[in-house]
Amino acid sequence: MSYIRESVPSHSMKRQTLSNVLGMKKIDRESRETVGAITSSDTRISCRNVNVFYGEKQAINDLSLDIGNNEVISFIGPSGCGKSTFLRTLNRMNDTIPSCKVEGEIKIDDKDIYHRDMDVVPLRAQVGMVFQKPNPFPKSIYDNVAYGPRIHGLAVNKTELDEIVQNSLIKAGLWEEVKDRLDEPGTGLSGGQQQRLCIARTIAVNPEVILMDEPCSALDPIATAKIEQLIAELKERFTIVIVTHSMQQAARVSQRTAYFHMGHLIEVGDTNQIFTNPVHPLTEDYITGRFG
Amino acid sequence: MNNPATSADLRADNKASTFDIVQKSLAKRRSAERRFKAYGLTGIMLGLMFLLVLFTSIIGKGYTAFVQTQVKLDIYFDAEWLDPEHGGDDSLAKADYNGLIKKSLSTAFPEVTERRDKRDLYAMVSSGAGFLLREMVVTDKSLLGKTVPVWLPADDDIDMLMKGHIDREQDQANRRVNDKQLAWIDRLSQEARIEKHFNALFFTAGDSREPEMAGIRGALMGSLLTLIGTFLLSFPIGVATAVYLEEFAPINKFTDFIEVNINNLAAVPSIVFGLLGLAMFINFFGLPRSTPIIGCLVLTLMTLPTIIIAGRASLKSVPPSIREAALGMGASKLQTITHHVLPLAMPGMMTGSIIGMARALGETAPLLMIGMVAFIVDVPTSFTQPSTVLPVQIYLWADSPERAFVERTSAAIMVLLFFLISMNGLAVYLRRRYERRW
């Protein structure tokens, strides 16, 4: 591999010396071994030795990680590090890319989601997803939220469906803003409202895990604050995996943080620990803003 | 990184700031812009001018076809003459109604006694006028035994004279209306017995060898039946093919092969489809020739590539975020397509289909090959009756020697254009409405 170099830059030398002085275990900056506890006490999703390829190109290298029940875990890392790719393997959204190939084992509640008999439809109902750009259907607000329950047959009658829609919108903190205009198109809402509508749509099918792929990157700070507050409320009931480019956001919303670099999971640990006392030199470089 | 010292040196050397340099080239840039705009405007103006010339020519030639010279005759519905043996409906249907017209003319012009003059006199009223009288009697038997004033279509030569297409000053030998006929016409118009009325026959009759009796109803019905059939066949097949190729087909050599061939088919001359229709549908499957069913099958072959290509383009233009959203909700592939992708792509697909339909409406060549070019008098009412279509009717009339068919050709073109424009209008309206829902 090309990144194996004999000579080590001088500033890195200094830090290693410093680490030695502090009595910490010295980690080579070129090491791609995951640092930190990949296991979780109350495991919901368990990934072992996951490799993802786009054609010839390997996007994820031998990744192992457990995600616990009702925890918020954030994936951080520079662009193209594979964090979104890994997120999308968790509900098999990568299936839509013909050249994408996934190896290894991903289990949700001890069910292998890449098993031949596993159908993506129940999987995606169980593992919901919120995308980077708010993407409400060009339908009414009501129909947006009611879509999932309708296709999965979660409501037996109109009253029940109304209830699901209302509850989902309340949980997404959007009810007060839209209750008088449920018939209006969802695309007519503001960006932040659209993203909360997408979250309401996702939680309407009552999933167990919610994947969020940079949910705030297209939003202004006020809308972002609302979404973050919403995540804090949702973690009571859902396991949330969030990919973010904002380290502040990761620090604010998540309990655990995983740092990705060039398709490798470099370090995973308690959010506090990652941001205050990173172990791997690459993690430190990233969170101190040396690159990324 | 640029060196500040170097750029300062440069400036000192040239003694010209960027602003000045830009200023110099500005006039040139602006004039290039103006020239480009002028070219565009000229192009549009030329286009509009040609359109204007086309419309003036067609409307100028064709508007007179919507009126028809008619002669008012007092017709005595002589029961003894029409039905001497009291045979009832059957003999009434076969009776000599032209005789009634001749009698009436003789009464109106008692001074005409010579055989040749009489023939000229009788020739002033359309030879098809008897059929109109028969229609009247068959629908209303109480007319028998009465004398009723009836407006009957004049012969096409008289009609042309009344519309000013025949020069009165011309030498009699070169004129299709002779001097005696001119005198009779003048007498009739003094008595207000010859007038131009709205030409209802043009819209209610089928084709005829007599221009004054010819109408576009048959061709219009033929076109309508053919188009309905074409739409019913090509739209569902085209949309389904586009969806399959765009969303379901595996990416392999075979799919590529199909794609290339669909694109090639869109460029095949339409007469080839006519030959294919002749060989396949008529000779092999033995379907009745000259009928709308063959017409719509052939036109379906012709329009399918257009619809498929337009359909695929509009499916491609649906934002991937919508697909992701639906798939992420756990919708199956077919649900994603039918609930989200297809409704969003529908306006584009409809545009494509309407372009295809408009082409099918104006298509002549393939229909010539399958016998839809026949002279058909009866108005077709089903898919299996022989019929012709509007553009073929125009072609047939344009080929006819009678002067009166010239204006009818233009009038038929006007009707065809009217239908094309209203089809497009309807398409735009439907598309707008459809889009508003989303």
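Predicted model: local features only at pLDDT ≥ 70, side-chain atom pairs only at ≥ 80, totals over all residues.
1. **Chain A.** Chain A has 11 helices and 10 strands. Its C-alpha atoms fill a box of roughly 70 × 45 × 35 Å along the principal axes. A compact globule with 292 residues would have a radius of gyration near 19 Å, and chain A comes in at 20 Å, so the two agree.

2. **Chain B.** Now look at the other chain. Chain B has 19 helices and three strands. Its radius of gyration is 33 Å, well over the 22 Å that the globule rule gives for 438 residues, so chain B is more spread out than a compact globule. The C-alpha trace of chain B spans about 115 × 65 × 40 Å along its principal axes.

3. **Two domains in chain B.** The domains do touch, with seven residues of domain 1 of chain B in contact with seven residues of domain 2 of chain B. On the domain 1 side of that contact you'll find three nonpolar, two polar and two charged residues.

4. **Where the chains meet.** Chain A puts 19 residues into the contact and chain B puts in 15 residues. On the chain A side, α3 (120-126), β6 (127-130) and α4 (141-152) each supply at least two residues. Which element gives the largest share of the side of chain A that touches chain B? That would be α4(A), with four residues. By class, the side of chain A that touches chain B divides into 11 nonpolar, five polar and three charged residues.

5. **A helix pair to look at: α15(B) and α16(B).** Helix α15 (residues 320-328) and helix α16 (residues 333-361), both of chain B, pack at an angle of about 165 degrees, with their axes 10 Å apart. Angles over 145 degrees count as roughly antiparallel, and α15(B) and α16(B) are therefore roughly antiparallel to each other. The crossing of α15(B) past α16(B) is right-handed. To find the contact, pick out Ile322(B), Arg323(B), Ala326(B) and Leu327(B) in α15(B); they meet Thr336(B), His339(B), His340(B), Val341(B) and Leu344(B) in α16(B). Sorted by class, the residues of this contact are five nonpolar, three polar and one charged.

6. **A second pair: α12(B) and α14(B).** Helix α12 (residues 253-265) of chain B packs against helix α14 (residues 292-316) of chain B at an angle of about 120 degrees, and their axes are 8 Å apart. That makes α12(B) and α14(B) oblique to each other. Here the crossing, α12(B) past α14(B), is left-handed. Ile262(B), Asn263(B) and Leu265(B) of α12(B) make the contact with Pro305(B), Ile308(B) and Ile309(B) of α14(B). This contact has five nonpolar residues, one polar and no charged.

Conventions. Residues numbered from 1 in each chain as written. Chains lettered and ligands numbered in written order. Axes fitted to C-alpha atoms, helices over the stretch in contact; angles between N-to-C directions. Parallel < 35°, antiparallel > 145°, perpendicular 65-115°, else oblique. Left-handed = near helix turned anticlockwise from the far one by under 90°. Nonpolar A, V, L, I, M, F, W, Y, C, P; charged D, E, K, R; others polar. Rg over C-alpha atoms; globule rule 2.2 N^0.38 Å.
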